[in-house]
Amino acid sequence: MQFFRKQFPVLLAFVMGMLLFVQYFVPSKLSKGFYEGFADWLIVIAGFAAIFAIASLLHYHMGKIRKRVLGYGFSVITIVAFIQMLVLGFVFHYRPGTPAGWEYQWLFVPMQATMFATLAFFIASAAFRAFRARTWEALALLLAGLIVMIGRVPIGEFISPHLSTFSDWILNNPNMAGYRGILLGVALAQIAIAVRIIFGIERTYMGGGD
Amino acid sequence: MKNFIRLATSVVVVLTLLLCSAAFSQEADVELPDEPFAAEGDELEALEGADMVIGLEPVMEEAAPAVEVPLPTHVTVSDLPNDDGTGLVVEFEKAPGETEALTYTVSVGAGPDGPWQEIGGFPATKKWKEEARHYYPAFFLFQKGRAGMSKNFHMFVIQELGDNVPLETGVEYFVRLTASVGDVSRNYAEILSATPEEQWFDTGRTNVLIFAVLFGATILYFIARARRDPNLFIRKISGLDAVDEAIGRATEMGRPILYLNGIDTLAALPTLAALNILGRVARRVANYESSLIVPCKDPIVLTVAQEIVKAGYTDAGRPDAYNPDSIFFLTEDQFSYAAGVCGIMMRDKPAANFLMGYYAAESLILAETGADTGAIQIAGTDAVHQLPFFVTTCDYTLIGEELYAASAYLSREPLILGSLKGQDMAKVFMMVMIIVGTLLVTFGIAFIKDFFLALG
């Protein structure tokens, strides 16, 4: 039993990690079939995990309703919406024109868009906080931000034709240099964590501690 | 003095990256001149190995056309390199006097006399061999077929016979090439043939293999070294030093700690890194006897997060304090998840928010709402476009690779720290390559650049 809790997951991670590493370099049909089979397995596992997720969702919200905690009304709405969408989907299917399709198109999509639209206000408040020139770094950020913003709108061209050129230079040179530096570090770190996981050095994600 | 050295190092690194960026972009600008039309020397060598090269004399299929239709030369049909044996490739030198009106059509038949099935057509301005670089084997410092990588050669890949019927491995297929201007067409008299073959090693990824093995070996070497000498130095990461402070603050205020694993699946490395940190955070939360909330977006991440937190509480000697209801599934939709988490932030008022893993457009919505509630916020992501939002709104941000180093930093385990050392060595190697490569490219020597291009 101890073997299946401790050693087996590490062994499985090693075998699958090495097989998928080798698979990347083998273009044959066998290799392609293995990869597709692996992807299918992922879908099957995700399907089973979805059952746990639904159970978790219902359990969490039922618990809030039972205990009448702050905001339990939202939990009632969540459960009612979940059940009615499930029933409508089973009865009428999820096609455009069906009740479930109508709800998706005229309720879900606009609500999603509304949530996305709030981003504009959050950007404004975050920019206000970031652009307070308290330090030299913040001043540099403020200046760079102002040049890039003004350089990318028509009024920038009106003030000076060089503004948009300078704005592009900031984006394509100092900004790109920093961007590539971060990407390079991330790529190397990803290889390192993959090696740690494949060789069982990093095991925290398995829930077994060290 | 220390600050001066730090400042000087930063300036050198930024200048190097700037120089590199400028040199590579300049090189990219001048690399693709319009080469002279005739295929000579190297270009003809690139065609060697094809199953058949036909003569240059075309045969007219129709009556003498009123419009002159030019025909290409040096046409070959061969097995598609580095595939699973279901592809052929037609290559030919562009026809003399090619115009935009000229189109090529490729047909496949079971025998030299047909019947012919039209596979596809393309205008003479498209399907250049140089745009299909990924089909050609890349070796350590050069790319085979590189000579044919100018806009003098067309290339057309055949992978199915229409209606999604793939080519069969080991079966000989016959190919006919037709050139057309308007309604006037001309065929080659000679029909070309080739047989798709399955390959067992993708030579196009040789450089990737070399680099992966070398880098992997370096990391394993430093891990082995860390076993012998566990006193490894690791630079201070403020965001991770603040973890204890954030948990302690939450405990003092009697408020929960909110931990997010990002919006990606378990197959993504940022999610794995976030889960690794969750394990360390859960152990500390258990020690402080505080409470933890982990809303999840992915069902598999949910099950893994539950196990990790449970193990964290058990390792801390407080399995009874583990509350499975505190790690729950919220929704799989990106903005619904953001709305749900914002709701938790506003209602439960967590004293500390951890935003680890991969984030997209919802990053600012989450972080700004958290900032409004007055929580201490520690974020960590490798999503470069979201970093400015986190830096602006969070107290501490783990930038890129720091997210992956966090687990090692928090655990202080020599073996994991050893892998960081190996990673740093690889970084030094890359920096040297960038500096040397930039200098060489400046003086017109491009082999290091070719090596990295072949990696892609």
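The buried residues of helix H2 of chain A are A:Ala53, A:Ser56, A:Leu57 and A:Lys64, where buried denotes 20 or more other C-beta atoms within 10 Å of a residue's own, exposed denotes 12 or fewer, and partly exposed lies in between, with C-beta atoms placed from the backbone. The structure is a predicted model, in which local features need pLDDT of at least 70 and side-chain atom pairs count only at pLDDT 80 or more, while totals for chains, interfaces and linings use all residues. Residues are numbered from 1 along each chain as its sequence is written, and chains are lettered from A and ligands numbered from 1 in the order in which they are written. Helices (H or I, at least four residues) and strands (E, at least two) are DSSP runs numbered from the N terminus.

The cover over the buried residues of H2(A) includes H3 of chain A, together with helix H6 (299–315) and strand S11 (327–329) of chain B. H2(A) has 39 residues and reaches 56 Å from its first C-alpha to its last, close to the 57 Å expected at 1.5 Å a residue; the expected span is 1.5 Å times one less than the number of residues. A:Arg68, with a positive phi near 55 degrees, follows H2(A). A:Asp40 also has its place in helix H2 of chain A, but counts as exposed because it has 10 C-beta neighbours inside 10 Å. The C-alpha atoms of A:Asp40 and A:Pro9 are separated by 20 Å, and the two residues are 31 residues apart along the chain.

Helix H3 of chain A (residues 72–92) has 21 residues and reaches 30 Å from its first C-alpha to its last, close to the 30 Å expected at 1.5 Å a residue. A:His93, which follows H3(A), has a positive phi near 65 degrees.

Between the chains, 60 residues of chain A are in contact with 70 residues of chain B; contact requires C-beta atoms, placed from the backbone, within 7 Å of each other. On the side of chain A that touches chain B, at least two residues each are supplied by helix H1 (2–25), helix H2 (29–67), helix H4 (99–130) and helix H7 (161–198) of chain A. H7(A) gives the largest share of that side, 21 residues. By residue class, the side of chain A that touches chain B comprises 38 nonpolar, 15 polar and 7 charged residues. Here Ala, Val, Leu, Ile, Met, Phe, Trp, Tyr, Cys and Pro count as nonpolar, Asp, Glu, Lys and Arg as charged, and the others, Gly among them, as polar.

Chain B contains 12 helices and 14 strands. Of its 456 residues, 44% are buried. Among contacts in chain B between residues at least 6 apart in sequence, 72% join residues at least 24 apart.

The largest nonpolar core has 103 residues, of which B:Leu278 and B:Ala305 touch the most other members. A nonpolar core is a set of buried Ala, Val, Leu, Ile, Met, Phe, Trp, Tyr and Cys residues joined through C-beta atoms within 7 Å. Helix H5 of chain B (residues 269–288) supplies the largest share of this core, 11 residues. Apart from neighbours within four places in sequence, B:Leu278 is in contact with B:Tyr259, B:Asn261, B:Ala305, B:Ile308 and B:Val309. A second, separate core of 26 residues includes B:Val75, B:Ile158, B:Tyr188 and B:Leu192.

An open sheet of 3 strands in chain B has the order S1-S2-S5, with antiparallel pairing; two strands pair if DSSP finds at least two bridges between them. Strand S1 (73–79) and strand S5 (153–158) of chain B are the edge strands, each pairing on one side only. Strand S2 of chain B (residues 88–93) runs antiparallel to S5(B) and is joined to it by 6 bridges. B:Met155 in S5(B) is the bridge partner of B:Glu91.

Strands S6 (residues 173–181) and S7 (residues 184–187) of chain B pair in the antiparallel sense over 4 bridges. B:Ser185 in S7(B) is the bridge partner of B:Ser180. S6(B) and S7(B) form a hairpin with 2 residues between them, and B:Gly182 in the turn has a positive phi of about 65 degrees.

B:Ala383 lies in the loop between strand S13 (376–381) and helix H9 (387–393) of chain B. B:Ala383 counts as buried because it has 20 C-beta neighbours inside 10 Å. Leaving aside neighbours within four places in sequence, B:Ala383 is in contact with B:Tyr358, B:Tyr359 and B:Ala360.

Note on methods
Contact = placed C-beta atoms within 7 Å.
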